Amino acid sequence: MSEKTFEEAAKAIIAGDAATAADLARRGLDEGIEPLILLDQGFVPGINEVGDLFSKGKLFIPGLIKSAAAMEKATEIINAAIPQEAEIVQGKIVLGTVQGDVHDIGKTIVVALFKANGFEVLDLGRDVPNDKIIEEAEKFGADIIGTSTLLTTTMALQKELEEDLNKAGLREKYKTIIGGAPVTQRWADRIGADAYAHDASDGVQKAKALLNK
Ligand code: B1M
């Protein structure tokens with residue numbers, strides 16, 4: 001039963017059909033499929049296929065936008081269904097997509113999973129300048145600063161954040177985690193980030209490890 005739901009979910013995203021994507025998200029959850037499995041095996045393969053079609057020139061901006069809207073709808077429904085852990089506060093994390101980048105579907109999953117795992121989260125949204133990230137981390141009393149980027153051109157902003165923290169004498173105050181499709185452990189090592197996470201679950205595990213939880 002769930003195989004069929006996964007296939008239909010991917011198709012709805014490729015077709016840019018937000019209403020069907022929303023129905024399938026609800027149906028999958030009703031079937032008892034774990035929220036992250038429903039995302040990772042149903043909807044994410046769909047949006048990845050959209051990315052491939054786009055890079056091959058078989059799908060254009062309007063199609064990309066429609067598919068993104070369908071993905072946003074499904075993600076919103078599924079994120080809300082992620083089971084919440086008890087009230088244990090693991091730590092405080094500020095999360096945002098770097099300046100110049102409006103991709104935030106993955107980041108919203110990361111935000112939902114951190115919240116579900118007992119972290120206090122300040123979600124700064126997308127296209128966030130580094131000075132704003134640092135200012136908000138200071139006000140919030142964050143333990144960790146997490147940034148996401150999907151564009152190779154904006155990865156440099158993660159490097160600049162490390163430099164900005166150093167210049168401000170704040171680097172030792174925070175742990176930093178980076179993620180996003182083009183980001184790698186190698187990039188994290190190169191820029192001096194404390195951790196790289198390949199997905200939301202990995203992000204939570206790495207954050208707990210950084211805080212010795
Ligand atoms: Co854009 N886009 N897009 N796009 N888009 C990509 C990224 C691209 C790879 C597509 C392609 O060409 N194949 C390509 C980038 C190429 C590159 O840089 N090398 C691209 C491009 C070119 C563009 C535009 C420039 C197109 C244009 O206008 N000509 C433009 C850029 C706008 C801008 O940002 N300035 C653009 C716009 C858009 C939309 C707005 C239409 C839409 C985004 C909507 C939104 O996010 N609200 C969109 C989409 C949907 C995509 C693809 C198809 C899908 C992204 C996605 O949501 N993935 C994408 C192709 C792809 O990645 N396959 C593509 C699903 C999501 C669950 O995965 O975000 O990777 P992801 O998040 C994962 C992990 O990476 C990780 O956990 C998440 C959950 O498991 N993770 C973290 C992410 N952040 C983390 C942080 C952490 C920890 C883990 O800790 C802090």
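Asn 117 is buried, with a relative accessible area of 14%; buried here means under 20% relative accessible area, exposed over 50%, and partly exposed in between, using a 1.4 Å probe and protein chains only. Bear in mind that this is a predicted model, where local features need pLDDT of at least 70, side-chain atom pairs count only at pLDDT 80 or more, and totals for chains, interfaces and linings use all residues. Residues are numbered from 1 along each chain as its sequence is written, and side-chain values use heavy atoms, with hydrogens and water left out.

Asn 117 sits in the loop between H5 and strand S2 (119-123); helices (H or I, at least four residues) and strands (E, at least two) are DSSP runs numbered from the N terminus. Leaving aside residues up to four places away in sequence, Asn 117 touches Glu 85, Gln 90, Val 204 and Lys 208, where contact means heavy atoms within 4.5 Å.

Asp 127 is partly exposed, at 38% relative accessible area, and has a positive phi of about 55° despite not being a glycine. Most residues other than glycine have a negative phi.

Now for helix H4 (residues 61-80). Buried residues in H4 include Ser 67, Ala 70, Met 71 and Ala 74. The buried residues of H4 pack against helix H1 (2-15), helix H2 (18-30), helix H3 (35-55) and helix H5 (105-116). Ile 65 also belongs to H4, but Ile 65 is exposed, with a relative accessible area of 55%.
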